[in-house]
Number of protein chains: 2
Amino acid sequence: MAQQDGAEYEIRVLQESDLYIESGFYATLENLRKEERIDIENMRRQFRRRQQSGVVTYVVVLGGQIVATTSVVFEDKFIHNGGRIAHVEDVATRKGYEGRGYAKALLQQATTLARQEGCYKVILDCSFDNVLFYVKQGMRPVEICMRVDL
Amino acid sequence: MAQQDGAEYEIRVLQESDLYIESGFYATLENLRKEERIDIENMRRQFRRRQQSGVVTYVVVLGGQIVATTSVVFEDKFIHNGGRIAHVEDVATRKGYEGRGYAKALLQQATTLARQEGCYKVILDCSFDNVLFYVKQGMRPVEICMRVDL
């Protein structure tokens with residue numbers, strides 16, 4: 001348990017049993033993208049697919065509610081003589097819980113895991129507005145993320 | 001077989017049997033990063049790990065030699081109600097074979113695969129110098145890639 005502003009929170013790995021509406025997990029993800037409706041069966045399928053691919057999702061739990069999350073996707077490279085890298089994806093803090101250091105704590109947790117897994121780097125894509133936040137966490141801007149919608 | 005400047009080339013998926021020094025695969029990757037030495041056993045291990053994670057690596061083969069490559073890493077999301085995305089990684093053209101449209105052809109192949117796999121977007125990180133190239137391929141700059149070395 002860690003403490004922030006007097007409120008104790010826990011960082012742990014997301015469980016399949018967290019995939020119900022009232023856990024706060026989807027409310028947290030809404031800060032990334034608002035969904036019309038949540039298909040729980042589909043979420044369970046994705047959970048299992050992600051587990052098979054070795055994706056690790058962390059959640060910050062405060063008073064039994066999920067209030068922040070991020071995921072780590074590992075990629076085994078041929079370059080770096082077969083090195084491994086970690087992609088940090090979907091950092092989200094639930095509306096009303098921002099500015100309490102949860103994203104920072106999650107990033108530290110993700111970086112610790114990446115180090116344990118023998119990764120040589122951690123990368124993530126963020127909006128222009130969030131560059132300074134990640135610079136403060138010790139990251140540096142290196143490339144441009146390009147996108148095409150299908 | 002496709003044709004470029006009179007020379008026929010083929011785009012196909014990388015096979016484990018391509019992982020020997022003389023295939024041109026490592027010479028191609030050297031345009032991303034020069035290695036002191038190649039550990040073939042490690043490369044085979046990475047090949048199998050990547051296969052398990054569903055990573056698809058394409059190569060351009062010209063006269064029996066690999067002259068360009070890229071990889072597609074799929075990620076199953078919770079957002080977009082359990083959507084799938086494709087990360088295009090490690091686009092490389094072998095020294096001396098640049099400017100012949102291989103990277104463009106590989107990107108088209110990767111995008112076709114992503115569409116077949118039901119992805120809602122393709123993303124890739126590139127250097128500032130290469131933004132215009134990817135804009136010409138129909139992509140747009142959307143975010144900044146941040147990095148920390150471990």
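1. The expected span is 1.5 Å times one less than the number of residues in the helix; helices (H or I, at least four residues) and strands (E, at least two) are DSSP runs, numbered from the N terminus. After H2(B) comes B:Gly54, whose phi is positive, near 80°. In chain A, H2(A) likewise has 13 residues and reaches 18 Å from its first C-alpha to its last, close to the 18 Å expected, and just after H2(A) the residue A:Gly54 takes a positive phi of about 80°.

2. A word on the basis of these values: this is a predicted model, in which local features need pLDDT of at least 70 and side-chain atom pairs count only at pLDDT 80 or more, while totals for chains, interfaces and linings use all residues. Residues are numbered from 1 along each chain as its sequence is written, and chains are lettered from A and ligands numbered from 1 in the order in which they are written.

3. Chain A holds five helices and seven strands, and from the N terminus on its elements run β-β-α-α-β-β-α-β-α-β-α-β. Its radius of gyration is 16 Å, close to the 15 Å that the globule rule gives for 150 residues, so chain A is as compact as a globular protein of that length; the radius is taken over C-alpha atoms, and the rule is 2.2 Å times the number of residues to the power 0.38. Along the principal axes, the C-alpha atoms of chain A fill a box of roughly 45 × 35 × 30 Å.

4. Of the 150 residues in chain A, 37% are buried, where buried requires 20 or more other C-beta atoms within 10 Å of the residue's own, with C-beta atoms placed from the backbone. Strand S4 (65-76) of chain A has eleven of its twelve residues buried, so S4(A) is largely enclosed by the rest of the structure.

5. S4(A) pairs in the antiparallel sense with strand S3 (residues 56-62) of chain A over seven bridges, and in the antiparallel sense with S5(A) over eight bridges; two strands pair if DSSP finds at least two bridges between them. S3(A) and S4(A) form a hairpin with two residues between them, and A:Gly63 in the turn has a positive phi of about 55°.

6. Between the chains, 53 residues of chain A are in contact with 53 residues of chain B, contact meaning that the C-beta atoms, placed from the backbone, lie within 7 Å. S7(A) gives the most to the side of chain A that touches chain B, with ten residues. S7(A) also pairs in the antiparallel sense with strand S6 (residues 119-126) of chain B over six bridges, and there the bridge partner of A:Val148 is B:Val122.

7. Chain A can be laid on chain B with an RMSD of 0.0 Å by a turn of 180° and a shift of 0.0 Å along the axis, the superposition being by least squares on the C-alpha atoms of residues with pLDDT of at least 70 in both copies. The two copies are therefore related as by a two-fold rotation axis, and the same surface serves both, since 100% of the contact residues of chain A recur in chain B.

Terms used. Contact = placed C-beta atoms within 7 Å.
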